[in-house]
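Student: I have a structure open and would like to learn how to read it feature by feature. Where do we start?

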Amino acid sequence: MGKALIVLDIDGVLADVRHRLHHLARRPKDWEGFFAAAQHDDVLEIGAEFARQAAATHDIVYLTGRPSRLRAATQAWLDVQGLPAGRLIMRPDGDRRPSAVVKLHELRRLRGESVVDLLVDDDPTVIDAARAAGFTVQLAEWMKTLASADPAWSSQEPLFDDDLLHDAQQREGRT
């Protein structure tokens with residue numbers, strides 16, 4: 001066994017997805033547009049700094065609900081942002097299970113390979129499921145904090161809504 005693991009979500013933990021949420025606010029949701037815009041995400045510096053510090057003592061695993069067809073684009077984004085090297089685990093294409101189900105399955109698999117010291121995710125449902133399964137967790141709320149402090153987003157606050165992200169992650173199994 002190598003070093004213990006720190007498992008990091010990407011969207012909302014490392015990547016600022018606010019600029020692409022409008023794709024999910026329409027009916028029907030524009031999933032292709034939402035994912036195509038991911039390459040233009042700004043990095044969330046607080047999450048990036050956390051990842052860099054964690055990499056000094058742990059192996060990093062990126063566990064995202066993004067579909068695996070975005071692997072090359074996601075890996076390129078991680079590299080461009082200067083984030084630490086780590087294993088990238090993605091949702092299988094066509095898998096519509098809730099994010100908490102997918103991520104808990106992967107966390108259990110990882111625990112069979114190594115010690116999982118911490119999961120950092122922005123989805124409270126994922127955090128609750130992982131905590132209930134015995135994992136140590138940290139809820140990342142920094143994107144929401146940034147959005148509420150940003151005057152440019154104050155007029156768009158309904159767009160940055162927990163229900164919008166929660167639907168995408170849990171009810172629709174898309175991210």
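**Reading the fold: helices, sheet and loops**

Tutor: With a helix pair. This is a predicted model. In helix H5, Ser99, Ala100, Lys103, Leu104 and Leu107 meet Thr125, Val126, Ala129 and Ala130 of helix H6.

Student: At what angle do H5 and H6 pack?

Tutor: At about 40°, and their axes are 9 Å apart. That angle makes H5 oblique to H6. The crossing of H5 past H6 is right-handed.

Student: What should I know about sheets before looking at the one here?

Tutor: The strands of a sheet pair through backbone hydrogen bonds, and the pairing is either parallel or antiparallel. Here 5 strands make an open sheet with parallel pairing, and the order is E5-E4-E1-E6-E7.

Student: Which are the edge strands?

Tutor: Strand E5, residues 86-91, and strand E7, residues 137-139; each of them pairs on one side only. On average, neighbouring strands of the sheet are turned by 20° against each other, direction ignored.

Student: How many bridges join E1 to E6?

Tutor: There are 4, and the two strands run parallel. Within that pairing, Val7 is opposite Leu119 in E6. On to the pair of E6 (residues 116-121) with E7: they are parallel too, over 3 bridges. Asp121 has Leu139 of E7 as its bridge partner, and Val120 stands opposite Gln138 in E7.

Student: How many residues of E6 are buried?

Tutor: Buried means under 20% relative accessible area. By that cut-off 5 of the 6 residues of E6 are buried, so E6 is largely enclosed by the rest of the structure.

Student: Which helices lie against the sheet?

Tutor: Helix H4, residues 71-80, lies across strand E4 (59-67) and E5, and runs at about 145° to E5. Helix H5 (residues 99-113) packs on the sheet as well, touching strand E1 (5-8), E4, E5 and E6. The direction of H5 makes about 145° with that of E5.

Student: How do I tell which side of a helix faces inward?

Tutor: An α-helix has 3.6 residues a turn, so residues three or four places apart point the same way. In H4, the residues Thr74, Trp77 and Leu78 are buried. They cover an arc of only 100° around the axis, which puts them on the same side of H4.

Student: What covers the buried residues of H4, and what does the face turned away from its buried side carry?

Tutor: The cover includes strand E2 (15-16), strand E3 (42-43), E4 and E5. The face turned away carries the exposed residues Ala72 and Val80.

Student: Where does Glu141 lie?

Tutor: In the loop between E7 and helix H7 (142-149). The relative accessible area of Glu141 is 44%, so this residue counts as partly exposed.

Technical notes
Residues numbered from 1 in each chain as written. Predicted model: local features only at pLDDT ≥ 70, side-chain atom pairs only at ≥ 80, totals over all residues. Heavy atoms only, no water. Pairing = 2+ DSSP bridges. Axes fitted to C-alpha atoms, helices over the stretch in contact; angles between N-to-C directions. Contact = heavy atoms within 4.5 Å. Buried < 20%, exposed > 50% of the residue type's maximum accessible area, 1.4 Å probe, protein only. Arc of directions from axis to C-beta. Parallel < 35°, antiparallel > 145°, perpendicular 65-115°, else oblique. Left-handed = near helix turned anticlockwise from the far one by under 90°.
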